[in-house]
Amino acid sequence: MTLTDTNAPKRTKMASLLRLARKNKLSAFGLLMFTLIVLASVFAPFISPHSPLDQNIVERLQDRSAEFILGTDTFGRDTFTRILYGLRVSLLIGLTSTFIAMVLGCSLGIIAGYRGGWIDSLIMRVMDMLLAFPTLITGLFIVAVLGANVVNIVLAITVTILPKFARVARAPTISLKEREFVEAARALGYSDIRIMAVHIAPNILGEVVVLASLWAAYAIRVEAYLSFIGLGVAPPTPTLGTMIRDGFNHILDAPFVSIYPGFAVLFVVLSLNLVGDGLRDAIDPKLRD
Amino acid sequence: MTSPLMKVEDLSISFKIEDRWCRAVNGISFDIFPDETLCIVGESGCGKSITAMSLMKLLPDAAQLGGKVIFDGQDILSMKEKELEGIRGSRIAMIFQEPMTSLNPVLTVGEQIAEPLVLHKGMTWSNARSEARNLLDLVRIPDAEQRLGQYPHELSGGMRQRVMIAIGLACRPEILIADEPTTALDVTIQAQVLALLDDIRKDQGLSIVMITHDLGVVANVADRVAVMYAGDLVETAPVADLFTKPSHPYTQALLKTVPRADEAFELLPIEGQVPPIQSMPDGCRFAPRCVEAHDACNVAPDLSRGPHAVRCWARVERV
Amino acid sequence: MIVFVMIRVAPGDPALAILGDNASQEALDAFRDRMGLNDSMLVQFGRFLSDLAQGSLGTSMVSGKPVVTSVMEVLPYTLELALGAIFFGIIIGLPLGIISALWRNGWFDYFLRVVSLLGLSFPAFLTAILLILWLSIEWRIFPVISSPTGGPIDRIYNLILPAFSLGVIMVAYIMRTARSAMLDVLGEDYIRTARAKGAPVRRLILHHALRNALIPIVTVVGLYFGLLIGNAVLTEIIFNRPGLGKLIVLSLNQRDYTTLQGLMVISAFLIVIVNLLTDICYALVDPRVKLK
């Protein structure tokens, strides 16, 4: 096996991953949907003429109209705009926490798998501890105790999904570290960190990406749940969960106030799930031989 | 001349690979006579396993079948699933290569043996269970009563294969198809299982169709042999004739690759490789590797008649 | 396992001391004194442990009632909701998953896969709200406010809608797992053997295949139980049912940390029990597994 071969697995796996993702229509659709949503929320001020905070009591609780695309809420604020801004919060929190959890979790998992021994036991024990609790309740508790602001919510969600990444990263690391290209790297005197980062990590990338999209969907949902319960980001910042909760009081006469934001959550989560699912199908039978 | 138990006429099996239909089995014909052991030999991938499965129409829907398999006056290949269910396991039975994965891990040995009896003979479960016990004795498994309640993972490989045989024999079939029954077993166990099969066959007068790639097994148990290459049936002969007077160039070359205990000589591998299924030659499929190949071989030859039949232009009497 | 749980939960307390309440400073001090929060961490933790050993989870900071009592009062409601959800999940998800595996790649399979993905993605409150709107208000089949009191029939009737709402997620997960498990099993050699024995199709599926496919399905139910409890919180809020969910929200609003703490312990405990039950189910279904 020549030296250059140690790079081969990394590059071809990424390329074939992208190729297969493109072939799978559902996941491509999900990706499209997600991109649209992200773009819409980022460019919210340009898309909608209204401000999310403008109250207009006269016009309150109206259904869809020309002026207010998705109607107005209890204070006469434009639902559509608020949804877009609320998506910002959801996406920000959801994606950040997933990203941090992914990076940290995978690093911990790889270190645990690679080093073995007491480091492995220690890390895994901590992970198991975290996993002992139902994820939603843990997140809830952390935010309740530490207070509800963006940082804490991100922290809470990160903590709950971190162990999942660690678990997933550890198993293949253990099998990978026995393979020849790792031994070759070690024989060349590469430092452990370099081996882990450059040689092992890219080979796990496929499964991790699948997991990341699925947990990102989950993270966004958790954010909505937390704000629904009242532990979300404080008003007046609009969040999807708070919108649903506010609309709940008027469920009988103006159900749409709750429903539209609810569907917004649904679409974001659905698009990410589609992507993750499609990627998982693409990876499983074909790349694993 | 007794009439055959089963006639296979022009059987062909095709699969769709990369959008093209490829013939894995290329129109083969042979007979199975009562009270004999017919061995179908060939390299891995020559189509012998799927031929065996097609005798019971056990192939997945993805396979396209052509030709006929005539059993008791009916063509198995055109029978409905319901009718086939009645034949499978009762009049024709099959045992497979891998005993570990071929037995259901969550059901007891006793239940799996009793099942065909309940399904086909209408026995009650308790009667079937006692019969299963007898069957375990028949296949020479000690402690039969205890074994009935055990699960497959609690038995050794050789015992599991005997259980498979017991299952196959439960309803006293007329034909037992054995797909490489000893390949996955240790050599010593192999000999035992083969001896067992042979004894049972002689006792009960059934016919065995044994698929194998091992010429040693052939020499041991076969009455007649059918040699397959790349989906073609190239030669059928009584076993003694096959070893002493091999006719087809492939058979001849094959025999030269088998080490013999009585003489020392050089092992001669066959030149070339089996062509991939998508690009099989039109005529005789062995022609590209055959030392006696000539122009006529671009057209597929017919199988000659008689007890020792060959499919080769080089052997046909020139008119 | 539980030891680690306790160590994990206790640190919630100093955070309380750091952040404080909305009450006035005097009230805070008096409160802290009474609750023993001014003692050192070690003492607090020690007290927690000794309480636990005696089977107590401390007293509620608000109502003064022992936490265990409050929790036990509402636990059955949540459990019945969770069980109802699992029930729906199995009844609907399992057959659909099997059918999906049999008609693999047919239009029905494709349709079901999309539907199950949708079911996964629906946030629990949306399902609940939509169901209430359609079934309770428009069609007037089920009552809007679900009250779990009254005789058993009444109770079950009130349970159906919220359990179904919660169960949508389980249906989706079970359906998918059932499908992939069945597909895996149907490709196994022993199914081929059973076919060669002449077993009719129905027996093949229900008897030979299903028992093997149950193994991963049991795993899934156990695995997602935590998710179920979490979502139960939301469902209870929307349907206005008493249960752990309501208690959690209540304690949150009132900053009743002892209760919260107790709830955390109970949740973890529940998960441990569920894992145990899952293991037992494994042993029942798969003869290769031995009970310890």
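**Close-up 1. Helices H8 and H9 of chain A pack against each other in this predicted model.** Here we look at H8(A), residues 180-187, beside H9(A), residues 192-229. Their axes lie 11 Å apart and meet at an angle of about 150°. Since angles over 145 degrees count as roughly antiparallel, the two helices are therefore roughly antiparallel to each other. The crossing of H8(A) and H9(A) is right-handed. On the H8(A) side, the contact is built from Phe181(A), Val182(A), Ala185(A) and Arg186(A), while H9(A) brings Ile195(A), His199(A) and Ile200(A). Sorted by class, this contact of H8(A) with H9(A) has five nonpolar residues, one polar and one charged.

**Close-up 2. Chain A meets chain C.** This view turns to the contact between chains A and C, which takes 34 residues from chain A and 33 residues from chain C. On the side of chain A that touches chain C, helix H6 (135-146), H9 and helix H11 (256-287) of chain A each supply at least two residues. H11(A) is the one to look for, as the largest share of that side, 10 residues, comes from this helix. By class, the side of chain A that touches chain C divides into 27 nonpolar, five polar and two charged residues.

**Close-up 3. Chain B meets chain C.**

**Close-up 4. Glu98(B) sits in a loop of chain B.** Follow chain B from strand E6 (92-95) towards H3, and you will find Glu98(B) in the loop between them. Leaving aside residues up to four places away in sequence, Glu98(B) touches Ala184(B) and Asp189(C). For a sense of scale, Leu135(B) is 37 residues from Glu98(B) in sequence, and the two C-alpha atoms are 20 Å apart in space.

Methods: Residues numbered from 1 in each chain as written. Chains lettered and ligands numbered in written order. Predicted model: local features only at pLDDT ≥ 70, side-chain atom pairs only at ≥ 80, totals over all residues. Axes fitted to C-alpha atoms, helices over the stretch in contact; angles between N-to-C directions. Helix = DSSP H or I, 4+ residues; strand = E, 2+ residues; numbered from the N terminus. Parallel < 35°, antiparallel > 145°, perpendicular 65-115°, else oblique. Left-handed = near helix turned anticlockwise from the far one by under 90°. Contact = placed C-beta atoms within 7 Å. Nonpolar A, V, L, I, M, F, W, Y, C, P; charged D, E, K, R; others polar.
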